[in-house]
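Visitor: Please show me the structure, and let us then go through the terms that are used to describe it.

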Amino acid sequence: MAVLIVPASLLVLGLLVAPMLLMLRISLNQFSPTQMMIEAMSADNYIRAVTDPYYQQVLGTTLGIALLCTLLTLILGFPAAYWLARIESRWKSLITILTLFPLLVGNVVRSAGWMALLGNDGLINATLLWLGIISAPLKLMYTPQAVVIGIIAVVLPYMILTLASVIESIPRSVEEAAANLGARPGTVFRRVVLPLALPGVAAGSILVFVLCMNTYATAILLGGPQFKMMAPAVYDQFIRANNWPFGATLAFILLAITMIFTIVGSIGIARRYKR
Amino acid sequence: MAQLKLSNLAKHFGAAVAVEHVDLEVRDGELVALLGPSGCGKTTTLRMVAGFVEPTAGQILIGGKDVTHAPPYARDTGMVFQSYALFPHMSVAQNVAFGLEMRRMGRAEREQGVLEALKLVKLDHLAERLPRELSGGQQQRVALARALAVNPSVFLLDEPLSNLDAKLRSEVRLQIRSLQQRLGLTTLIVTHDQEEALTMADRLVVMDRGKVLQVGTAEELYERPANAFVAGFVGRCNLISGFVDPGGVFRTDWGGEFAVPQESAPGKAIFALRPERVALRPGTGHGIPGRISAITYLGSLSEYHVDVSGNSFLVSMPPPPNDSPLRCLKIGDQVSLTWDVAAVRLLPFEPSSNQGEEP
Ligand SMILES: Nc1ncnc2c1ncn2[C@@H]1O[C@H](COP(=O)(O)OP(=O)(O)OP(=O)(O)O)[C@@H](O)[C@H]1O
Ligand SMILES: [Mg+2]
């Protein structure tokens, strides 16, 4: 039986672990404007990344945006997932597929659409101006709010589908039993549905958090040049500055932070669940 | 405890009628069983009482209070689900405590209540286990304890024993009955097992296709069934359609002539006779002649299927003693059947009815 996991393991080794090890090695090298990269074994890049206020801020923004988006997605997604899991309609599978529909549109295309909507002469501003509600266009584009909205629009389907599959596995009779024993709907949710859905909350949140931490196109297109998150910063180092060692360092820090939050979060939820 | 009253209760799912014109009163401390074939609307009726199904028409009164449109949490019913529906993330004690918490009971009082309820079902030693660490029978008893702990006005059970094996079922059945009597619980129980209904209930309600056919004690339903369906569903019964001639003769559809009480009203009817009321003698004597087509030995009872002019007639009796001539009866033997005409019931003729379990 173990032989069954060999192909997948080889793929992961070849396409994930090997490049990562290579990146780790590169991140310990030194940058030289003339030679590009000098073989070395130093932690200088890491020290620079964590001490430079600019990169501290980039990391802070990334983490803040990712946590906020994960939380908002969870709050927005749970009622929708509950509804999706509990409807008894012949259209249920159709609705499930419709939930996936937004994912058919790529990030770049979608963000371009958001630009057309939120821009200074975009649909919203144009309408408000035409109605005379405002006299000068509102600044909607190139704001953190625009980025948050854009990210949520991308990750919400993942959250809803992950949660719905777990909620579906909670028997309705268990909820009915709680109501029968005198629990109002809010209490049924808090004491029965939510605890039983925690594995789904964990899985959905981790998935969404990882996606948010690695936001690239949405951050650039809706956040504008002043707004920096980690993934675009990594790109800048590799492509614009040609500083591969520092780019690799930023990439590794992004990976490490994502993993730490994911692991701490899962342990926290697992502990609550066991209680 | 309180009395439960359903009046003219109905539930339609779109065009489909699940329950219609149900009138029923469960008296204080009484156990009433809803009995009927699959799909006859028993669960729907029970769920309307609990508040999970909104009635299309009619009224539900608990202790004189109209709860027809009250939400489930405000009804004070205690329901035991067929699937038990225990909270999988809570221990046995937490499951039982849930209803008490919802009633804002203090901690000490709550612990006392949990312990008492668990003692009732003899599970106080497993209080800290999770439901998945219990056997099916134990889970069932936790579900009972959880519903009993809140001391509900009305106790509702939906086929609570269907997931248990035969031995455990009869054990838990007696347990539920004695608890119900001891605590004086007003109880409505759903079952499609007539034996269960007969052994547990003060009164039975026989339902078919959404309608109540008859309400009565086990004896009333058995001795004086209102129609052929009830006669066939409660106990076993020989049901033969035909015509009553004046003067106490019943002419079957195939031309047989049976004796029935003299004063029977003439006209189309269904002849009903319980298998244990038929006497069977070997050979041709007086009585209806027939031929044995099958013999089933059931331990305390033997059943003889007798072919009477191409129609199967069921006769049951305790296994005959060793020296009885009945002992050597075998398939194909000629026999004659007799009965006391007073044991015969003539039931209204229903052309389209699907009669219960015919022998
Ligand atoms: N949610 C629903 N939507 C449509 N029809 C339903 C629904 N629930 C029940 N029914 C129908 O109502 C009728 C009565 O169902 P109900 O569950 O009350 O039967 P029951 O007597 O409990 O049967 P069983 O012994 O099989 O449990 C059935 O014909 C069923 O198909
Ligand atoms: Mg049912």
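Guide: An oxygen atom of ligand 1 is 3.0 Å from a polar backbone atom of B:Gly41. This is a predicted model, in which local features need pLDDT of at least 70 and side-chain atom pairs count only at pLDDT 80 or more, while totals for chains, interfaces and linings use all residues. Residues are numbered from 1 along each chain as its sequence is written, chains are lettered from A and ligands numbered from 1 in the order in which they are written, and side-chain values use heavy atoms, with hydrogens and water left out.

Visitor: What makes the approach of ligand 1 to B:Gly41 a polar contact?

Guide: A polar contact is a pair of N or O atoms within 3.5 Å; within protein, one must be able to donate a hydrogen and the other to accept it, and residues adjacent in sequence count only if both atoms are side-chain atoms. The distance from the ligand 1 oxygen to B:Gly41 is 3.0 Å, so the pair qualifies. An N or O atom in the side chain of B:Thr43 is 2.6 Å from an oxygen atom of ligand 1, and a polar side-chain atom of B:Thr44 is 2.5 Å from an oxygen atom of ligand 1. Of the 640 Å² of accessible area that ligand 1 has on its own, the protein covers 58%; such areas come from the Shrake-Rupley method with a 1.4 Å probe, and for residues only the protein chains shown count as cover.

Visitor: Which residues are around ligand 1?

Guide: Among them are B:Phe13, B:Ser38, B:Lys42, B:Glu159 and B:His192; a residue is near a molecule or strand if one of its heavy atoms lies within 4 Å of it. Helix 1 (residues 42-50) of chain B gives the largest share of this shell, three residues. Helices (H or I, at least four residues) and strands (E, at least two) are DSSP runs, numbered from the N terminus.

Visitor: Why is B:Asn227 called buried?

Guide: Buried means under 20% relative accessible area, exposed over 50%, and partly exposed in between (1.4 Å probe, protein chains only). B:Asn227 has 10% relative accessibility, so it counts as buried. This residue is in the loop between helix 7 (218-223) and helix 8 (228-233) of chain B. A polar atom of its side chain lies 3.2 Å from the backbone nitrogen of B:Phe229 and one lies 2.9 Å from that of B:Val230.

Visitor: Where on helix 3 of chain B are the buried residues?

Guide: B:Gly113, B:Val114, B:Ala117 and B:Leu118 are buried.

Visitor: Why is helix 4 of chain B called largely enclosed?

Guide: In helix 4 of chain B, 11 of the 14 residues are buried, so the rest of the structure largely encloses it. Its buried residues pack against elements including helix 8 (172-180) of chain A and helix 2 of chain B, where contact means heavy atoms within 4.5 Å.
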